[in-house]
Amino acid sequence: MKWSLIATLLFVLNVYAVEAVQDGNCSGSECQKKQEQSVQNSTTTVNEDGLVSVADTKVSSTQDEKPCVVPKESSEDKSNQNILKPHRTIVISVVGQGVAPVNTTSPAQAFALAKRAAIADAYRLIAEKVKGVEIEGEDLIKNMMVKRSSVRTSVYAMIKNANVVETTFRDGLCEVEMEIRLSYEDIMR
Amino acid sequence: MKPCRGKLSLKKLYLEYPAYESKSLRLILLHNYDDFFSYIMKMGLSVTSHEKVVKNHSSSSIEVTLPTTCFKVEFNDSFVTISPIKKE
């Protein structure tokens, strides 16, 4: 009598487990796997005394797993939306800085070299803004103390049609304001 | 040197030089360095930048490279016309 009750209870629990999995938002092979998993859980954890624990494991296995719903639009897709739109122009403006070397033969040479460094710096800033920067960081910790910490950044870009807007030179420091106009038509040409 | 084939760009650069000087392109470009540099920069520049910070010591390098470009150069009496050739 006792064993027949156990057998019927087992059957009812198996049916309940299959129904619970079918109610979830899954489809295809994953759903089949879940069904197999839940059935296996229900049958393998049965012992003579603990029928209640069988039901618990079944319910928890189906509740813990997230429903396999295909996301309609994730946050990554939103961030990858086109920034440039037709008939619109984006102006990127940067100020590059350059310092004249100490051993120059004349103030004119110092200005020319500082300006060249400032232009190169401005190009780098434009590249960083338009294309982004690769950053590589490394920390070495020994005995709970930082032994070495290093950060490396790098950028590579090809830049066309950048214009120098303004140049100032004061106290050996040259500042070059540079801007670039990005339009949808120019880029897609 | 290999011959360049392609289309001539409409963006021309005119560089003046004294008539009595020799028609050396290198000297003409040196004489008009800023004009030529700003002209060629607009055509395109490769920028490679590296920066490293180790133990609060920073070191950086910026390389600006002009891409290899073919030009057509026309010598006249007192000026030179330079126009880039776009590869087909």
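## Exercises on a predicted two-chain model

An open sheet of four strands has the order β2(A)-β3(A)-β3(B)-β4(B), with antiparallel pairing. This is a predicted model: local features need pLDDT of at least 70, side-chain atom pairs count only at pLDDT 80 or more, and totals for chains, interfaces and linings use all residues. Residues are numbered from 1 along each chain as its sequence is written, chains are lettered from A and ligands numbered from 1 in the order written, and side-chain values use heavy atoms, without hydrogens and water.

**Exercise 1.** Find the edge strands of the four-stranded sheet, then place the helix that packs on the sheet.

*Solution.* Start with the terms. Strands (E, at least two residues) and helices (H or I, at least four) are DSSP runs, numbered from the N terminus. Two strands pair if DSSP finds at least two bridges between them.

- Step 1. β2 (134–142) of chain A and β4 (57–65) of chain B are the edges, as each pairs on one side only.
- Step 2. Ignoring direction, neighbouring strands are turned by 10° against each other on average. Axes are lines fitted to C-alpha atoms, for helices over the stretch in contact; angles run from 0 to 180 degrees between N-to-C directions.
- Step 3. Helix α5 (residues 107–131) of chain A packs on this sheet. The helix touches β3 (145–159) of chain A together with β3 and β4 of chain B. Contact means heavy atoms within 4.5 Å. The direction of α5 makes about 95° with that of β3(A).
- Step 4. Check the chain B pair. β3 (residues 45–54) of chain B and β4(B) are joined antiparallel over nine bridges. B:Val47 faces B:Val64 in β4(B).

**Exercise 2.** Describe the sheet formed by β1, β5 and β4 of chain A.

*Solution.*

- Step 1. The sheet is open, has three strands in the order β1-β5-β4, and pairs antiparallel.
- Step 2. β1 (89–99) and β4 of chain A are the edge strands. The twist averages 15° from one strand to the next.
- Step 3. β4(A) and β5(A) run antiparallel, joined by eight bridges. A:Arg170 has A:Leu173 in β5(A) as its bridge partner.
- Step 4. α5(A) lies across β1, β4 and β5 of chain A, at about 140° to β1(A).

**Exercise 3.** Classify the ring pair A:Phe111 and A:Phe169.

*Solution.* Rings of Phe, Tyr and Trp (its six-membered ring) pair if their centres lie within 6.5 Å; planes under 30 degrees apart are stacked, over 60 edge-to-face, the rest tilted.

- Step 1. The centres are 5.2 Å apart and the planes stand at 80°, so the pair is edge-to-face.
- Step 2. A:Phe111 sits in helix α5 of chain A and A:Phe169 in strand β4 (residues 162–170) of chain A, 58 residues apart.
- Step 3. Buried means under 20% relative accessible area, exposed over 50%, partly exposed in between (1.4 Å probe, protein chains only). A:Phe111, at 30%, is partly exposed. A:Phe169, at 36%, is partly exposed.

**Exercise 4.** Is A:Glu179 buried or exposed, and which residues does it touch?

*Solution.*

- Step 1. A:Glu179 lies in strand β5 (residues 173–183) of chain A.
- Step 2. Its relative accessible area is 17%, so A:Glu179 is buried.
- Step 3. Leaving out residues up to four places away in sequence, A:Glu179 touches A:Val91, A:Ile92, A:Ser93, A:Asn161, A:Ala162, A:Asn163 and A:Val165.

**Exercise 5.** Outline chain B, then list the buried residues of its helix α2.

*Solution.*

- Step 1. Chain B has two helices and six strands, running β-β-α-α-β-β-β-β from the N terminus.
- Step 2. Of its 88 residues, 27% are buried.
- Step 3. In α2 (residues 33–43) of chain B, the buried residues are B:Phe36, B:Phe37, B:Tyr39, B:Ile40 and B:Met41.
- Step 4. B:Gly44 follows α2(B), with a positive phi near 145°.
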